[in-house]
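Hi,

Here is the structure I said I would pass on. Have a look at it first, and my notes follow below.

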Amino acid sequence: MSESKFSVDQQRRTLVKGLGATTLALTLMPTSLFAAGRGPTAVIVGAGIAGLSAAWELRKAGFQVSIFEKENFTGGRMVELKTGPLHGATHAEGVFNANREMFALGAELGIESQVRGEAYNQVWSPESGLGLDNGHGIYDPGGMSDFNIEMTRKIPGLSPETSKKLFLLQADMDEINATVDPCLLETGTVYDNESVGDYYERVLGKASGKEIVNYKIDTACAGWGWDPYSTSKVAMLSWLSSKEQFVYPRGGIATLPEKLSSVLPVQTSTTVRYITPPDSNGRRTIHYLAANLERRSVTPDVVVCAVEGKYLASMVQGLTPKQEALSNNCFFTKQPVVYWILDEKHGPEELIMGAYTSGHPDPMKARTYHWVAMPGVPELNQPPYVRYSLSRKHTPEWQNSDMAIEDYCWPMIKQLYPQLEKSHVVDIVDHSSDSLIHMPVGYINQMAEVLREQRKGKKSLYLAGEYVSGAHTGAACASGRSVAREIIGHWI
Amino acid sequence: MAQIQRQTQRLLLFFLLCSSFQTTGSEEKNQEANNSIAEGEMFYQENVSPMFAQNGCLKCHARGYIRPNISYESMLRRLAIGDSAENNVLVYKIGNVRSFSSNIPNHPGGQRCATLDTEPCKAVRQWWAIEFGIARTEK
């Protein structure tokens, strides 16, 4: 009896030991990020619109996908930004009607009407004081996607000589409109040979070119945070020639990424540290911080790097010389924006705003890209506020000043909106951020070379995103979809 | 009993073999660095965070900024991107390492370290070493 009891206890101990060891082994065993399936495994780095669009295409083709996103939200710059009670858009606000890949994807997902929207062209109203001020008067600068010659002739202060020469621009605009896809700028490499500022000076002559740059192009470039005299002409002219409208999606800017995120496996708060060069099997290992801050790694068949271009050089090892050169040329423009949130008693009764050319004769206005005093909107829980955006040319001066943005901008906004008093301010919100990828002369050719190399054959790493397509949401979406099609062609 | 022991040993061997064989798409914990998480947070609170405060970072980051806090985790996720103490997003932003030109800093708040050997870059580099160990040499 006692022998039997001993035997049972020993068996139990053995089983417990075995189970303990098994549990330990299971803890150490690799877990899978992917649902069971037979297709190649793909990790997409970045859940912006490029990464999500690529993941959607790959999954349709049978890939087992997982998306890593360092933020705790998806959509990247297409996120519907909400900061406390203040709803402000520091990133994407709308989309261009030329974004055909984006609308096609919306249709595929059954939300095309929500992705499409109303035109943005009712914003300016010079007769009500809502327009661009160049020191000669207030005018409608036109959309960022349309260089309308008749409208440009109406700019106050434009010299008669310049007005007469504007027709010289039409042939180039027609040619670029017919040959360049603004969502895939590699189609415009032949025009990547001079800056947009130099282009207008060459075609119109120095004085007239400068006038057009100061009164029209500089403001359009400022939407991207670009300097006209370093930015490639095709990056701007692909839009200015397109006559496409800028629209607000009916469902909000985040409609498409939110829908994609709801049907795709996204690991949020998951930060990729670095991606190794290919191993002997041609696969790359991704080292990352998981959401719980554990250091982990995974070795998929394919990595799609759909991050902001600025991360590429730090994140990816074993880039080709062409990729390395491109990654070292990825720079982002800055958008310094500050909000003074006002108490309810001291908001303006109606919207007041100002926007100025950087050559404005008043130095305070020349430093200002735009400002707005906004009444409160109780139904949106939005308090009254004053918003100020510093001009691109003066951004480095602030960056090097060692001053907080609101202190640096205070003298300008105080002159423009004297009713603003510090005693009326209940909060200050700094929306300064990185803006879009800068596309200097030569960048688009460099980008096209990387894409040509990428198309040559099966690889373990592919690049996708605005930094290899164009600086806007539609280009990022088009890039994600087209790169995914290349991967499918190589792997399936 | 001996049979149970043998079965258990086989099972254990099977799982250990599974854990050492990395298949495509499988995920592994990296034991080398996971031990230092608590140490890294302590170092951040005692050494890095005060340096951020002394070098003007709180002018933007301590209130309603688009990235409103300067917490351990928010900075760790920038420190993590890259493969060495000198090559990571946090250092290149505050040290103005990768900028279009020297007078157009990559970081919206401008250059915060005169060189990578001065504060707050010096403390950030020490912090990287605690969090992630020796720099990778695959590059």
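Which strands of chain A make up the open sheet of three strands, and in what order? The order is S6-S10-S7, and the pairing is antiparallel. Strand S6 (95-96) and strand S7 (117-119) are at the edges with a single partner strand each, so one side of each has no neighbour in the sheet. Strand S10 (residues 246-249) runs antiparallel to S6(A), and two bridges join them. Opposite Phe96(A) you will find Phe246(A) of S10(A). Helices (H or I, at least four residues) and strands (E, at least two) are DSSP runs, numbered from the N terminus, and two strands pair if DSSP finds at least two bridges between them.

Before you go further, a word on the ground rules. This is a predicted model, where local features need pLDDT of at least 70 and side-chain atom pairs count only at pLDDT 80 or more, while totals for chains, interfaces and linings use all residues. Residues are numbered from 1 along each chain as its sequence is written, and chains are lettered from A and ligands numbered from 1 in the order in which they are written.

Now to strand S15 (residues 302-305) of chain A. Val302(A) and Val304(A) point one way from S15(A), Val303(A) and Cys305(A) point the other way, and all are buried (20 or more other C-beta atoms within 10 Å of a residue's own; exposed means 12 or fewer, and partly exposed is in between, with C-beta atoms placed from the backbone). In a regular strand, side chains alternate between the two faces of the sheet. S15(A) pairs in the parallel sense with strand S2 (residues 41-45) over four bridges, and Val43(A) has Val303(A) as its bridge partner. S15(A) also pairs with strand S23 (residues 461-463) in the parallel sense, over three bridges; here Val304(A) stands opposite Tyr462(A).

Helix H3 (residues 100-108) of chain A is worth a look too. Its buried residues are Glu101(A), Met102(A), Phe103(A), Leu105(A) and Gly106(A). Among the elements that cover them are helix H2 (49-60), S6, and helix H18 (473-491) of chain A. After H3(A) comes Gly110(A), with a positive phi near 80 degrees.

Ile111(A) lies in the loop between H3 and H4 of chain A. Is Ile111(A) buried or partly exposed? It is partly exposed, because 19 other C-beta atoms lie within 10 Å. Leaving aside neighbours within four places in sequence, Ile111(A) is in contact (C-beta atoms, placed from the backbone, within 7 Å) with Gly106(A), Gly251(A), Thr255(A) and Lys259(A). Ile111(A) and Thr255(A) are 144 residues apart in sequence, yet 8.2 Å apart in space, C-alpha to C-alpha.

As for domains, chain A has domain 1 (41-98 + 255-331 + 440-491), domain 2 (144-244) and domain 3 (337-431), with bounds from an automatic or database domain assignment. The centres of domain 2 and domain 3 of chain A, taken over C-alpha atoms, are 29 Å apart. Seven residues of domain 2 are in contact with five residues of domain 3 in chain A.

Chain B has seven helices and two strands, in the pattern α-β-α-α-α-β-α-α-α along the sequence. Of its 139 residues, 37% count as buried.

Cheers

Definitions and conventions: Two residues are in contact if their C-beta atoms, placed from the backbone, lie within 7 Å.
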